[in-house]
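These are my notebook entries on a structure that I am opening for the first time.

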Amino acid sequence: MSTGRTRALRLTRWGGPPTLTESTRSVPAGEEVLIEVEAAGICRSDLHVIDARDGVLPYRLPFTLGHEVAGRVVERGPEAAGPAIGERVVVYGPWGCGTCARCAAGAENYCDRRTALDADGVGTGAGLGRDGGMADLMLVPSKRLLVPVGDLAAAQAAPLSDAGLTAYHAVASVRSALGDDPCACVVVLGVGGLGHLAVQILRATTNAQVLAVDVRAEALALAGGCGAHFATLLRPDTAAVLRGRTGGVGAAAVLDFVGNGSTMELAAGVLRAGGELAVVGSGGGQLVIRKPGALPPGTRVSLPFWGTRPELEAVVALARAGSLRVRVEEFPLSGAAEAIARLRSEAVRGRAVLVPD
């Protein structure tokens, strides 16, 4: 690419809306890598950032949005290694300190210094206080944050770095409860941008029976198309219906991609003793944990966040093998306002993705 001006969708004031601005092209220094963005996903986390009131998030304005990013390496700093110029990559979104034990193991999503990084106000990830990928170009701090994608389509690759990775990490957190038992049942609550990928990941990596629940008929159709063995609307009798599908014993695991009061209540009602509940969605629901209580004996509850870099590599491998396909709706970068509006009104089915125009 030639030097000159570049566009970026930046958050300049809390409460938004973000603004498409022009700036001078960045020059990578040290270990930095500059990528030409080919696609950038938009999700509800972006809406939470845009809508946040001043003082709620520990980030300094302004910064470029976008934490689901795929692109091509176009320039490297003098100390940079890793992907060569021209290589196509996806960006690993959670940026930790890079040196603690968890970061060294590729789990920057659980960086031991994350709280300290937030306190610095400089942000802890792409599009989360630090410049992300809703732009023509993106400066990535290090090669460790890049995963090659080969010839995988950019609009498919970008959502893998959050929607795909988060879903994979959630499935990994309950996989021990499923084992290799073909009679084990797992319930997926919410078949949206993450849930429809979780269904596919479960089918590709486990032998479990996948039961899907949503409030939208079109989401149930999507679940079926992704391989769910059974799908049903959320109704007052849904817990009984799902228990019937499990032979009365209950589900070995529940993945809640909604996280509101209704889904958490349903999760507690369908789990078997010794089951696993992974709450992924941030829908504001609360679950009272006491003994005895609503949860069956032996229940393990987890709050998975994003995923590890090795898991992102595994997600990319699944997609390249044809076992994982993201349902996307594409918008030009200049049409970001429309994409955000459609996402806000829940009109997007699957994942919204910005592409160059």
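Are H1 and H11 roughly parallel or roughly perpendicular to each other? Before answering, I note that this is a predicted model, in which local features need pLDDT of at least 70 and side-chain atom pairs count only at pLDDT 80 or more, while totals for chains, interfaces and linings use all residues. Residues are numbered from 1 along each chain as its sequence is written, and side-chain values use heavy atoms, with hydrogens and water left out.

**Helix packing.** I looked up helix H1 (residues 44-51) and helix H11 (residues 336-344), and found that they pack at an angle of about 105 degrees with their axes 10 Å apart. H1 and H11 are therefore roughly perpendicular to each other, a label that covers 65 to 115 degrees, whereas angles under 35 count as roughly parallel, over 145 as roughly antiparallel and the rest as oblique. The axes are lines fitted to C-alpha atoms over the stretch in contact, and the angles run from 0 to 180 degrees between N-to-C directions. In the contact (heavy atoms within 4.5 Å), H1 takes part with Arg44, Leu47, Ile50 and Asp51, and H11 with Ile340, Leu343 and Arg344. I sorted these residues into four nonpolar, no polar and three charged; Ala, Val, Leu, Ile, Met, Phe, Trp, Tyr, Cys and Pro count as nonpolar, Asp, Glu, Lys and Arg as charged, and the others, Gly among them, as polar.

**Strands.** Helices (H or I, at least four residues) and strands (E, at least two) are DSSP runs numbered from the N terminus, and two strands pair if DSSP finds at least two bridges between them. I followed an open sheet of three strands in the order E2-E1-E4, with antiparallel pairing. E2 and strand E4 (63-64) stand at the edges with a single partner strand each, so one side of each is left without a neighbour in the sheet. Six bridges join E1 to E2, and Arg5 stands opposite Thr24 in E2. Elsewhere, strand E3 (residues 33-42) runs antiparallel to strand E5 (residues 68-76), with eight bridges between them, and Leu34 stands opposite Glu75 in E5. E5 is also joined to strand E6 (residues 88-91), antiparallel, by three bridges.

**Spaces.** Next I checked for a cavity, meaning a set of points on a 1 Å grid over the protein atoms alone where a 1.4 Å probe fits but cannot get out; a pocket is an open set with protein on both sides within 12 Å along at least five of seven lines, and lining residues have an atom within 4 Å of a point. Grid points are joined across faces, edges and corners, and a volume is the space filled by probe spheres set on the points. The structure holds one cavity of 30 Å³ or more, and the largest cavity has a volume of about 50 Å³. The largest share of its lining, four residues, comes from E3, and by class the lining has nine nonpolar residues, one polar and one charged. The second largest pocket has a volume of about 360 Å³ and is lined by 19 residues, of which Ser26, Asp131, Leu137, Met138 and Leu139 lie nearest its centre.

**Backbone.** I found a cis peptide bond between Gly16 and Pro17, with omega about 0 degrees, and Pro17 lies in the loop between E1 and E2. Trp306 has a positive phi of about 55 degrees although it is not a glycine.
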